[in-house]
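Hello,

Here is the structure I promised to pass on to you. Please open it alongside this message, and my notes follow just below.

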Amino acid sequence: MSEFGSRLRELRHAAGLTMEQLAEASGVSARAISDMERGHSRAPQTRTLAALARGLGLEPEQLGELEGEARQQRSQAGGRPRLCELPRAISDFVGRADELDRMRRHALAGLGPAPVAVVHGQPGLGKTALAVRLADQLRDRYPGGLLYLDMRGTDAEPVATGDALLRLLRALEVGSRRIAETDDERSSQLRAVLRDRRCLLVLDNAGSEAQVRPLLPSEGESLAVVTSRRVLGGLEGVERIALTPLAPHESAALLRAIAVQAADPRAAAEVEAVARYCGHLPLALRIAGTRLATRPAWTVEHLVTRLADADRRLANLSTGDIGVATAFALSHAQLGKPARELFRRLAHVPGVDFAATLASVLTGAHLDDAPDGLDELVDLGLLQPSGPDRYRFHDLIRLFAGERLRNEEPPGTRAATAKRMSDWLLTTAIVAGRWFEPGYGSLPDGWTGLVAPAGEEEADAWLQAERANWLGALRSASRGGQYQLVVDVAEAMHWYSDKYVRSGYWYEVYGLSRAAAAQLPDRRQEVTHVNYFSWAATHCRGRPDEGAEIALDAHRVAVELGDVKEQAWALRYAGDAWRHAGDDERGLAACREALRLFDVAGDHDGYVQAQLGVARGISNLGRYHEAITECFAVLEQIELRPVAARPALSARVCAHTIATEALAESGRWAEALGEAELALPFAAEYGYAGYLGELHLTIGRARMALGRRDEARPSLRIAVELLIEKRYRGRSELAQRSLAELG
């Protein structure tokens, strides 16, 4: 028995209290009082002493004596090794305010079983630092002790549960003779101690649920914080904290806290670049900051230059005995052989994220088995879910996967895998795009691909979700000389591209197809794709002068070839370009000539498109009555001519939209409202935000003019949301002014 324990017992006896009575009076458990009196636990902290003094009714002088005994016992124990001590906290901790707040609230909830928090995420996110930070902040709340144990879950041989139980019991000053023999008994013993004392356990780097489950408190006010690269989904009733990379401003703050060079306000842009190259990963940021801090001659710009080299970035993100790649390798070593193959081959994916189908293509695994491999990567923090059934790499882990790919597969295998992926993406893109093309509009007979869109909606969803991937594959096919494949993809997107006419990537798509077509012997095919490129320059990139120049080149070649249809399309695109450049008379003349040539060529789809160009040009010249007449003529021609479904829908929506604007400008508000409301379902089916925005703007203005002000507001708000692109600025400002008039 220690002198402190002996003195505590004397005071309790003098007060005429049993242990249970003192426990009730002080709020300190009877088990804890018993351990203190027998010297089986270290002397209590100040808050516990104060609680005991209140329960004993001590005078200040007696409390002072008891505190002296406690200090003496703590000083005597100071020379002995302390088990399970917290690691050194970092002084420049940044961010994680929300996560810390969630864990504090969980610890203080006071309902149900003892609180347990699981902090999980990929390597390098600072899980350990967060747990230690929390323990340091809550130190006074847990007078029973702050205990830390590295479970070494990423090692080849993690800490055995029995060994962990033994270490924790010893750290809690349970005598060796009192420690139970079996793991089950030790687990029960640990729970009993944690129930009677208020302790905080940090179980760091856990490898599995089975490893830590026996170590968790069951009742009482002790708190366990478990960190792991795995989700540990088998643990029930826990608060899960999924860590993500730091926010950009937090990354910059961490770099400035570590390195004096980064604190220079003049280096703000370079600091942001370093943070970006580090993927806002705390481990990478700390290494980068340390390298900068230990090299006074370096500037932040010098570090940016080093990190800009993607092939050397991981090598530059290491210092001393720590490195980003080393941290990733610990998780990689735990993968099974199939998961390792999947991990490295995912480095072939050109886009930011991907679906399980692409994983199946890369490995040849059955589509039903692909999610299992992806889940294994997610569970180890090497991959993150990015949405329903989609996945993504952290930027630095992608680089690590690329290194594994180069080190573990020969060049021939890599090239064959990349081509298989690219060909699959582009073939599927063709099938999806053709749902919108005249003459197709369905899956090919006998199609057995992994993706089988059942209609335009599913085809559109795939093309948008995988856009970065099929675009990357298109670039690869262009570099690899697969010119006809490039042209076929672009051709399949011709009418689909109208749905996203303001998207800049079509300029690249049709730039690649024009260049590819130029390498093929079919010059008619080439002039078609020159025309498409003209459209993309005018409508997608907002470069009408360039669009007109390209269209005139196409027209010259079409004349040489005697191709009347492509002459008409060239003039149609030139007319659009001149109109967008502000030369409405020249644009109108080009569209009228295109209309004549389309009629000669028997291109009915092109005919109604050229007639719309005429209507738009007339309206721009302020001849609204003529424009309205021309729009109704377009609607008649759609019924009279065999116009394909998608071009017909496009022409119908455009005709109604031009007509509503002309009616509105003529002050014919009731007619404008009726026409716009009639057109809305067609515009919704077509899916182009610009048409929908224009129609809602007209509806809102018409309702205002007709005195239906309350009904106008929702339509004007929708118009503002849809007409957000800068090329709609005039229309968006009109919608905002109209809203302002409503108050």
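Predicted model: local features only at pLDDT ≥ 70, side-chain atom pairs only at ≥ 80, totals over all residues.

Residues are numbered from 1 along each chain as its sequence is written, and side-chain values use heavy atoms, with hydrogens and water left out.

Let's start with strand β4, residues 223-228. Strands here are DSSP runs of E with at least two residues, helices are runs of H or I with at least four, and both are numbered from the N terminus. Six of the six residues of β4 are buried, where buried means under 20% relative accessible area with a 1.4 Å probe, protein chains only. In a regular strand the side chains alternate between the two faces of the sheet. In β4, L223, V225 and T227 are on one side and A224, V226 and S228 on the other, and both faces are covered.

β4 also has paired neighbours; two strands pair if DSSP finds at least two bridges between them. Strand β1 (residues 116-120) runs parallel to β4 and is joined to it by five bridges, while β3 (residues 199-204) pairs with β4 over four bridges, also in the parallel sense. A224 is the bridge partner of V116 and of L201.

Elsewhere there is an open sheet of three strands in the order β8-β10-β9, with antiparallel pairing. Its edge strands are β8 (353-355) and β9 (384-387), each pairing on one side only. Between β8 and β10 (residues 390-392) there are three bridges, and F354 stands opposite Y391 in β10.

Next, helix α24 (residues 483-492): its buried residues include L485, V486 and V487. Among the elements that cover the buried residues of α24 are α21 (411-433) and α26 (523-540), by contacts of heavy atoms within 4.5 Å.

Finally, how much space lies in the largest cavity? About 40 Å³, taking a cavity as a set of points on a 1 Å grid over the protein atoms alone where a 1.4 Å probe fits but cannot get out, with lining residues having an atom within 4 Å of a point. Among the residues lining the largest cavity are S228, R229 and R230, and S228 is also one of the buried residues of β4.

Happy browsing!

Technical notes
Buried < 20%, exposed > 50% of the residue type's maximum accessible area, 1.4 Å probe, protein only. 1 Å grid on protein atoms, 1.4 Å probe; cavity = no way out; pocket = protein on both sides within 12 Å on 5 of 7 lines; lining within 4 Å. Points joined across faces, edges and corners; volume = space filled by probe spheres on them.
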